[in-house]
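Biologist: I am new to this structure and would like to go through it step by step. Please show it first.

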Amino acid sequence: MTEELLDVRLSVNGTPRPLRVPARRLLSDALRHDLGLTGTHVGCEHGVCGACTVLLDGRPVRSCLVLAVSVDGQEVTTVEGLAEPDGSLGPVQQAFAECHGLQCGFCTPGFLTTITAGLRDNPSPTHEEAREMVAGNLCRCTGYQNIVKAVERAAEIGAEGPS
Amino acid sequence: MKPAPFAYHRPGSVAEAVTALAGDPGAKVLAGGQSLVPLLSMRLAAPSALVDLNGIAGLDLVEVDATGVRVGALARHADVLASDDVRRVQPLVPLALAHVAHATIRNRGTTVGSLVHADAAAEMPVVLSLLDGSLEVEGPGGRRTIPAGELYVGPLESSVRQDEVAVSAFFPALAPGAGVAFEEIARRHGDYALVGVAALVDGASVKAGFLSVADIPTVVDLSGVADDDLGEAALAQLEPAGGIHSDIHATAAYRAHLVRVLTPRVVRAAKEGT
Ligand SMILES: Cc1cc2nc3c(=O)[nH]c(=O)nc-3n(C[C@H](O)[C@H](O)[C@H](O)COP(=O)(O)OP(=O)(O)OC[C@H]3O[C@@H](n4cnc5c(N)ncnc54)[C@H](O)[C@@H]3O)c2cc1C
Ligand code: FES
Ligand code: FES
């Protein structure tokens, strides 16, 4: 029996990306396999690691815990959508580069999306708040110190305004 | 693909959702999916159909009046936690919600979903039980209200029937002069707790609710117990009430130790809040 396919109207990084997928397609797999947006990484695929975090109508969610069909009509922002329109690094990406906030980079897309939304809601976090902002994401390499520094640096870049 | 195949329904109303559930005994409700999707992906659950509530308008309400807080089935943990009105009327709700998973999970997971899911390690079932709240459900025969005391029947098992949709939950307001407190011990903030305790002190009445101790959320009455004896008094009631469980995360002996330490601390904090 061939499985029924459903139409999903998704907007990804501001562009309409209509999909035809089985109901059981996870949003993470829809982004990676159906749309070829492999910037969203999958680590645990059960909600624990945070690597797959994307913004759904602006709010961070685990794309591995959402069915693509369930978010029909909504806007998804992936790490590919965080660069500036001219292709240069966005403020959080720039801060990660400056502060050595990544080593292997596997966890990085999830941190970048989470922090982008976190700084939008709280543009000048305290050190404690900066730590709390990334507490739901796992990194096996860095030891987190430079990631927290990158949160604080990204807040500074944000305060300086667009360059 | 990780989940097994299932039929997908996206009803536009609760009545349509109930019809879809009643038409297929293997169908399950999908709310935030933060508990169900991992179960699907690990194939610990393989429902024949999912009835997705996310297309139903009006279910995301968070309503507050002097009698308490009503939370709709699509109100995300994050929305309930962010409400100043909720905090004012029943502060125990945000005190406990702050410990439910991480912010990213709270953006999608629903408070009502966590009440139905009935995980003994979850915070909100204990809060609903301690406050004597209730769940409003709709089935083929109409609506009924399930008091918290009748909601939890076993591990991961609530008395919500397969063909019923939980429409909203009601958390009664904090009485004037009463106090509440919440604390839990988890390996990392946001992880499921090894033990968690909520307390409600209202005049001479002292009650405490425990998560991750027994198989279901458990409330014990500690009225009249001297402060120094609170931990032992709680244990004396918890042990016969279903036993303290051991699992990969903690032994029963360690959990008992945490009950001894946390109970007096949380009750004291609730008294200070009165
Ligand atoms: C990494 C991680 C950590 C977590 N940590 C915690 C934690 O510390 N504490 C905690 O309490 N929770 C935790 N959770 C779970 C989270 O709170 C879930 O959101 C919640 O338990 C279920 O809500 P949901 O809306 O996601 O429900 P779903 O996953 O959609 O559904 C869960 C179950 O409830 C049923 N259901 C849901 N809504 C209804 C309804 N309205 N009517 C009838 N049936 C319904 C479904 O059929 C299913 O069986 C964690 C989850 C993850 C992934
Ligand atoms: S892959 Fe989604 S949280 Fe780990
Ligand atoms: S940089 Fe390697 S996991 Fe974080």
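Biologist: Which residue of chain A forms a salt bridge with Lys2(B)?
Modeller: This is a predicted model, and every value here is computed from it. A salt bridge needs a side-chain nitrogen of Lys or Arg within 4 Å of a carboxyl oxygen of Asp or Glu. For Lys2(B) the closest N and O atoms are 3.1 Å apart, and the partner is Glu45(A).

Biologist: What is the phi of Glu45(A)?
Modeller: Glu45(A) is not a glycine, yet its phi is positive. The value is about 55°.

Biologist: How many salt bridges does the rule find across the interface of chain A and chain B?
Modeller: A search of the whole structure gives 24 salt bridges over all chains. Across the interface of chain A and chain B, the rule finds three.

Biologist: Which strand of chain A gives the most residues to the side that touches chain B?
Modeller: The elements giving two or more residues to that side are strand 5 (53–56) and strand 6 (59–62) of chain A. The top contribution is four residues, and it comes from strand 6.

Biologist: How many charged residues are on the side of chain A that touches chain B?
Modeller: The contact takes 31 residues from chain A and 30 residues from chain B. By class, the chain A side has 15 nonpolar and seven polar residues. The charged residues number nine.

Biologist: What area is buried between chain A and chain B, and which three residues of chain A supply more of their chain's part than any other three?
Modeller: The buried area is about 2400 Å², with 58% of it from carbon and sulfur atoms. Of the area that chain A buries against chain B, 29% is supplied by Arg24(A), Arg59(A) and Leu65(A).

Biologist: Where does ligand 1 lie, and how many residues surround it?
Modeller: Ligand 1 is placed between chains A and B. The closest residues around it are Val29(B), Gln34(B), Leu36(B), Thr110(B) and Glu123(B). The number that surround ligand 1 is 33.

Biologist: Which residue has a polar side-chain atom 2.9 Å from a nitrogen atom of ligand 1?
Modeller: A polar backbone atom of Leu36(B) is 2.7 Å from an oxygen atom of the ligand. His77(B) also reaches an oxygen atom of ligand 1, with a polar side-chain atom at 3.0 Å. The residue at the nitrogen atom is Tyr192(B).

Biologist: How much of the accessible area of ligand 1 does the protein cover?
Modeller: On its own, ligand 1 has 960 Å² of accessible area. The protein covers 94%.

Biologist: Which element gives the largest share of the shell around ligand 1?
Modeller: Strand 2 (27–30), helix 7 (111–117) and strand 10 (165–172) of chain B each give two or more residues to this shell. By class, the shell has 16 nonpolar, 13 polar and four charged residues. The largest share is five residues, from helix 7 of chain B.

Definitions and conventions
Residues numbered from 1 in each chain as written. Chains lettered and ligands numbered in written order. Predicted model: local features only at pLDDT ≥ 70, side-chain atom pairs only at ≥ 80, totals over all residues. Heavy atoms only, no water. Contact = heavy atoms within 4.5 Å. Buried area = accessible area lost by both parts, 1.4 Å probe. Nonpolar A, V, L, I, M, F, W, Y, C, P; charged D, E, K, R; others polar. Near = heavy atom within 4 Å. Polar contact = N/O pair within 3.5 Å; in protein donor to acceptor, adjacent residues only side chain to side chain. Areas by Shrake-Rupley, 256 points an atom, 1.4 Å probe, with all protein chains shown as cover.
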